[in-house]
Amino acid sequence: MYKPSSQFVVPAKILKGSYETINGVKTKTYTEGANIFVSAKSYGGTEKELNGVYVIEDTLVIETWYRPDLQSTDRIRLLDDGSEWEILNTPEDIERRHQFLKFKVKRIKGGA
């Protein structure tokens with residue numbers, strides 16, 4: 001039987017993604033959804049090489065209670081620091097028991 005690796009103590013908000021046509025261009029927009037509690041583990045990020053430059057991408061593995069409305073088009077905002085994270089894969093329903101979800105997210109950062 002699956003047990004989560006740690007307690008769900010990190011407050012988060014689901015940002016529901018949808019597509020909207022603005023001036024003939026499909027644009028992804030986000031609306032605030034429900035508040036949830038998750039566990040977030042970074043494991044040091046993801047290393048990769050981009051155009052000959054070594055880069056470490058901020059990634060987390062998120063575990064939480066099962067929510068059928070959480071999709072790969074959504075984002076998660078961690079409420080303790082306000083950071084936003086894009087869901088990279090379809091959230092996995094652990095053992096198909098509708099009890100826990102596990103998925104990987106990548107940090108969304110602005111900047112020049």
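**Reading the labels on this model**

Student: What makes the pairing of the Glu47 and Tyr54 side chains a polar contact?

Tutor: Their side chains are joined at 3.2 Å. A polar contact is a pair of N or O atoms within 3.5 Å, where within protein one must be able to donate a hydrogen and the other to accept it, and residues adjacent in sequence count only if both atoms are side-chain atoms. The 3.2 Å value falls within that limit, so the label applies.

Student: What should I keep in mind about the model itself?

Tutor: It is predicted, so local features need pLDDT of at least 70 and side-chain atom pairs pLDDT 80 or more, whereas totals for chains, interfaces and linings use all residues. Residues are numbered from 1 along each chain as its sequence is written, and side-chain values use heavy atoms, leaving out hydrogens and water.

Student: Why is Glu47 called exposed?

Tutor: Its relative accessibility is 56%. Exposed means over 50% relative accessible area, buried under 20%, and partly exposed in between (1.4 Å probe, protein chains only). Glu47 is therefore exposed. Glu47 lies in strand S3 (residues 46–50), a strand being a DSSP run of E with at least two residues, numbered from the N terminus.

Student: And what makes Lys13 count as buried?

Tutor: Lys13, in strand S1 (residues 10–22), has 14% relative accessibility, so it counts as buried. Its side chain also makes a polar contact of 2.8 Å with that of Asn35.

Student: How do you know that Ser39 is buried?

Tutor: Ser39 sits in strand S2 (residues 25–41). Its relative accessible area is 2%, so Ser39 is buried. Beyond its neighbours within four places in sequence, Ser39 is in contact (heavy atoms within 4.5 Å) with residues including Phe8, Val61 and Ile62.

Student: Why do we say that S6 and S7 pair?

Tutor: Two strands pair if DSSP finds at least two bridges between them. Strand S6 (residues 75–78) is joined to S7 by three bridges, so the two pair, and they run antiparallel. Arg75 stands opposite Glu86 in S7. In their hairpin, with five residues between the strands, Gly82 takes a positive phi near 80°.

Student: How do you know that S7 pairs with S9 too?

Tutor: Four bridges join S7 to strand S9 (residues 100–108), so they also pair, again antiparallel. Glu84 stands opposite Ile108 in S9.
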